[in-house]
Structure formats: structure tokens, C-alpha cells
Amino acid sequence: MREEKPNYGSPTAHIIANLTLGIFLLVTAFLGAFFLNFFFALLALPSPYFFWMAKGWARGGLLEDKLRIREDFIRLVGVKDGEKILDVGTGSGFLAIGFAKKMRGGEIVGIDVWMPMGGGLSMQKALRNAEIEGVSGRVIFKRADAREIPYPDEYFDKVVASFAIHIIRGWEKAVSEMIRVLKPGGVFAVLEPKKGWAGGWRVDQNLKVKLEELGLRRVEVRPFTIHYPKERTVFLVTGVKR
Ligand SMILES: C[S@@+](CC[C@H](N)C(=O)[O-])C[C@H]1O[C@@H](n2cnc3c(N)ncnc32)[C@H](O)[C@@H]1O
């Protein structure tokens, strides 16, 4: 019997979205240039990028690449038995389960809003992944918004997130909540791309100052190369609560 593997995000939604955009641009460029104005042809220029991305998501081996990201993240951030750790925007339990596998004792919590349109991520998938990875019962999953974390001040030793903060509208509120629930001296660590969508997240020279204003010290922003789905650079942003 084949061993069941955890599911930390299916590539199908990404493949469909990239193919749809690529085809939409090509068709609009063609029809626009033919019926309206030749300059519509320029719309075809970005379409190869979307086809290239769709090919990346379809290439296989993505689970191994994603697990490598988790290994590197945990190695760089560190972990001790008995800690209380919060994974914000946990999705399918990605970081929470990774930490649980490395620890004895402690309390590990993953929170997420698990929106219906959230790319198929769900609390059920997180619970199933915990079972498959052998840490069932050692991770707690809760439906909660990062901007209103249902835990008291100074509760956690570490608060972490991967690929979640950059999509939150009002990410500063989420980060200030993450810092509120950290113990003084506790570790904040998030892995995020350079730019967010609508939320205004941006890794630039102002980020360090903003995070210090929100209550962190020793803020570091390190480039972090991933191969998911293609080789690209994201950023490991760490700090310690004052
Ligand atoms: C791209 S997924 C990343 C999931 C997981 N951390 C990983 O690396 O596989 C982003 C996650 O953030 C969650 N999220 C978005 N807005 C949120 C919010 N305001 N509070 C909590 N979670 C949120 C989404 O539901 C989604 O599961």
C-alpha cells in the first residue's frame, strides 16, 4: 500500500489560474488588435510568463520543495522542547506541524480564517496532515483572525507565519497582535515575499522601522531562496519582543 503524504497545497488552482490569465491575455490581444487597435497586441507580451508559471506548478516534486522550506525555516528560527508556539495563517498546518515534529511537550497552535475561496485549505486538511505526520493531538487548530488573536498578552515563546502576512489587509494590525501575544524576549519570525497584494506588505527599508515601532528589537531581514514552484527569493523577517 502506498504511504499517504501530507497535502500542503495543491498546485491545481495555481495551474488553472495561470493558464486562464495567459489565455485571456492572448485572446484579448488578438481580438483587440484585429477589431479595435493594433496596440492591443501588446497585451500578449506577459502571457508567456503565465504559461511558464503554470508549467512550474505542474512539474511535480513540489511537496519535497515545500518541506525543504519548512526544514530551513525551523533550523534558522530554532526550537526548544516545551515552548508555546503560534503559527498564524497556518493553512494546512504547515509550520505548526513542522514544529510539533521537532518538539517534546509544549503547546503548538495554528490559527487561520480558512476562507471558502482560500485555495482549498481547511482545518480538516490541517488535522489530517497532523495525523499523517504523526503529531495528531499535539497541535491545536483554531479558526481565528490574525488581527484579533484569541490569546492573552505574553502567552507564546514564538510566533511564526509563512506566506500569510503579505495577503492580510491591515497586516500591521496582525503583526501587532502577534507581538502582543509574545512573551518579552519571545521570537517573531515570518517568511514572506517582497510584496503583498492589497494589504500593503512590502519588504523595503521602512519595514525594519515599522516593526520596531510595533514592539520588536533586533529586527533582521534575510533573503531566503526557495524552489516553489520556481527558484525565487523571499524574505525571512525575524525579531525579538522588547
Ligand atoms: C498562502 S496560504 C499559506 C498557508 C501556510 N502558512 C503555508 O505556508 O502553507 C495563506 C493563509 O493565510 C490565511 N489567512 C489570510 N488572511 C488571514 C487572517 N486575517 N487571519 C488568519 N489567517 C489568514 C489564509 O486563509 C491561508 O490559509
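Biologist: What covers the buried residues of H4?

Modeller: In this predicted model, the buried residues of H4 are Phe-94, Leu-95, Ala-96, Ile-97, Gly-98, Phe-99 and Ala-100. That is seven of the nine residues of H4, so the helix is largely enclosed by the rest of the structure. The cover includes helix H3 (62-77), strand E1 (84-88), E2, H5, E3 and strand E4 (156-162).

Biologist: How are H3 and H4 oriented to each other?

Modeller: The axes of H3 and H4 are 10 Å apart, and the angle at which the two helices pack is about 60 degrees. An angle counts as roughly perpendicular from 65 to 115 degrees and as roughly parallel under 35. H3 and H4 are therefore oblique.

Biologist: Which hand does the crossing of H3 and H4 have, left-handed or right-handed?

Modeller: The hand is a separate property from the angle of about 60 degrees. For H3 and H4 the crossing is right-handed.

Biologist: How many charged residues does the contact of H3 with H4 have?

Modeller: From H3 come Arg-70, Phe-73 and Ile-74, which meet Phe-94, Leu-95, Gly-98, Phe-99 and Lys-102 in H4. Lys and Arg count as charged, while Gly counts as polar. By class there are five nonpolar residues and one polar, and the number of charged residues is two.

Biologist: Where on helix H5 do its buried residues fall?

Modeller: Helix H5 (residues 123-132) has Lys-125, Ala-126, Asn-129 and Ala-130 buried. Viewed down the axis of H5, these residues fall within an arc of 140 degrees, so they line one face of the helix.

Biologist: What do the buried residues of H5 pack against?

Modeller: H5 is itself included in the cover over the buried residues of H4. The buried residues of H5 pack against helix H4 (94-102), strand E2 (107-112) and strand E3 (139-143).

Biologist: Which residue just after H5 takes a positive phi?

Modeller: H5 spans residues 123-132. Just after this helix, a positive phi of about 75 degrees is taken by Gly-134.

Biologist: How do H1 and H2 run relative to each other?

Modeller: Helix H1 (residues 12-35) packs with helix H2 (residues 47-57) at an angle of about 160 degrees, and their axes are 8 Å apart. Angles over 145 degrees count as roughly antiparallel. The relation of H1 to H2 is therefore roughly antiparallel.

Biologist: How many charged residues are in the contact of H1 with H2?

Modeller: H1 and H2 cross in a left-handed sense. The contact is made by His-14, Ile-15, Asn-18, Leu-19, Leu-21, Gly-22, Leu-25 and Leu-26 of H1, and by Ser-47, Phe-50, Phe-51, Met-53, Ala-54 and Trp-57 of H2. By class, 10 of these residues are nonpolar and four are polar, and the number charged is no residues.

Biologist: Is Thr-20 buried or exposed?

Modeller: Thr-20 lies in helix H1, and its C-alpha atom is 9.6 Å from that of Ala-54, 34 residues apart along the chain. Thr-20 has 12, so it is exposed.

Biologist: What of Gly-239: buried or exposed?

Modeller: Gly-239 is part of strand E7 (residues 231-241). Beyond its neighbours within four places in sequence, Gly-239 is in contact with Phe-188, Leu-211, Leu-216, Arg-217, Arg-218 and Val-219. The cut-off is 20 or more other C-beta atoms within 10 Å. Gly-239 has 24 such neighbours, so it counts as buried.

How values were computed:
Residues numbered from 1 in each chain as written. Predicted model: local features only at pLDDT ≥ 70, side-chain atom pairs only at ≥ 80, totals over all residues. Axes fitted to C-alpha atoms, helices over the stretch in contact; angles between N-to-C directions. Helix = DSSP H or I, 4+ residues; strand = E, 2+ residues; numbered from the N terminus. Left-handed = near helix turned anticlockwise from the far one by under 90°. Contact = placed C-beta atoms within 7 Å. Arc of directions from axis to C-beta.
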